[in-house]
Amino acid sequence: MTIYLFKTRLRFFVWISVLFLFNTFIGESQESIQFKTVVIDAGHGGKDPGAIGKISKEKDIVLNVALKLGAYINEYMPDVKVVYTRQKDVFVPLNKRAEIANKSKADLFISIHANAISTPKIYGAETFVLGLHRTKENLEVAKLENSVIVLEEDYTTTYEGFDPNSAESYIIFELMQNIHIDQSIQMASLVQGQFKERVGRRDRGVKQAGFLVLRKASMPSVLVELGFLTNGTEEKFIASEKGQTYMASAIFRAVRDYKEEFDAKSKLEDITRQAQVVKEEKINYRIQVASSKKKIKEGTHIYKKFDEVWEFKDGERYKYTTECSSDYDVILKSLSQVRNKVSDAFIIAFKGDAKISLSEARGLQKQ
Ligand SMILES: [Zn+2]
């Protein structure tokens, strides 16, 4: 009875120590794994107006939405740092925008745009991730957004001969590896979900195309097209203060949800990793009670004698143990009881899943 109580207490202490280890680890690493920085990129600016509607210019609309989005994040997610690529009506080259995101080690890059097309009846919001366009329509959006590089000095050198208006140039997006594609699509879907469900916008979906502004960004990134300035009704909405507030708050909620999922996932990954470390490093003693060339069926032989039987393969042989403790004295106490049932039972040691000699285990524990 005393032994039993002692064992129970010890198990409890072992558990507490393991939990403590987990907590220490999570506590320490929380800083490094949380979603911390978002880069908000208002498209165009300065000499580049972007798409031009009847009553508005893309560069003004997207700047307003970008600033509103940043203000929401600052207010409701104070632990997230907001970095803008521009906060004024200035021209910023596409390469420079990704550079700002990379320098700030951002966790997410959101480029905000508005669309234009020759058919005025087309309207709706869409969000792009980087990739090869699947339709000609998507290629046209990328061409339109990329064509601003011709306003940059020496753009052929900067973009290594990329011709924004030639379809052949876009082949690079097929060969490119986009390691952040899953997270980018996740964010894009959250944005589109918000536009559709909460703002009642026409959902043109999550799409892929070759945007130069996303190409060099080394984090999950999306390019949001708020709507078409070539559609009268839609232009009125996204050019209005109310429309911009709605669109910015929709993107804000998508960022909030993305961060929540991001943080939860990182935490889970850390717990798994730490559990693995504890498992790999931990010294355990067990009592070997049988060894057999053939696997012993559960419910027979040794399984009848002990409630807890743990099997492992040692070379060609199957070996069977009972009891497990990281404390040698505890296992030594159990040994005399086990020997009442199996007289030649003996203690063996493990480091994680690997069997080691008793003396090595005792030596490691003394360190
Ligand atoms: Zn644009």
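This is a predicted model: local features need pLDDT of at least 70, side-chain atom pairs count only at pLDDT 80 or more; totals for chains, interfaces and linings use all residues.
**Ground rules.** I number residues from 1 along each chain as its sequence is written. Local features need pLDDT of at least 70 and side-chain atom pairs pLDDT 80 or more, while totals for chains, interfaces and linings use all residues, and side-chain values use heavy atoms, with hydrogens and water left out.

**Cores.** I looked up the nonpolar cores (sets of buried Ala, Val, Leu, Ile, Met, Phe, Trp, Tyr and Cys residues joined through side-chain atoms within 4.5 Å). Buried means under 20% relative accessible area, exposed over 50%, and partly exposed in between, with a 1.4 Å probe and protein chains only. The largest core has 43 residues. Ile73, Ile110, Ile112, Leu226 and Ile251 have the most contacts inside it. I then followed Ile251, counting contact as heavy atoms within 4.5 Å. Leaving out residues up to four places away in sequence, Ile251 touches Val65, Leu69, Ile110, Ile112, Met187, Phe195, Val224 and Leu226. A second, separate core has 27 residues, including Phe109 and Leu139.

**Helix H3.** Helices (H or I, at least four residues) and strands (E, at least two) are DSSP runs, numbered from the N terminus. H3 spans residues 94-103, and Leu94, Arg97, Ala98, Ile100 and Ala101 are buried there. They sit on the same side of H3, because their arc around the axis is only 150 degrees, taken from the directions from the helix axis to the C-beta atoms. The buried residues of H3 pack against strands S1 (37-42), S2 (81-84) and S3 (108-115), and against helices H4 (136-146) and H8 (212-215). Just after H3, Lys105 has a positive phi of about 50 degrees.

**H9 and H10.** I checked how H9 (residues 232-239) meets H10 (residues 241-281): the axes come within 4 Å and cross at roughly 80 degrees. Axes are lines fitted to C-alpha atoms over the stretch in contact, with angles from 0 to 180 degrees between N-to-C directions. H9 is therefore roughly perpendicular to H10, a label for 65 to 115 degrees. Phe237, Ile238 and Ala239 in H9 meet Glu241, Gly243, Gln244, Tyr246 and Met247 in H10.

**Single residues.** Ser184 is in helix H7 (residues 181-199). Ser184 is buried, at 2% relative accessible area. Beyond its neighbours within four places in sequence, Ser184 is in contact with Val129, Pro220, Ser221 and Val222. Glu160 has a positive phi near 50 degrees and is exposed at 57% relative accessible area. His301 has a positive phi of about 45 degrees and is partly exposed at 47%.

Technical notes: Angles under 35 degrees count as roughly parallel, over 145 as roughly antiparallel, 65 to 115 as roughly perpendicular and the rest as oblique.
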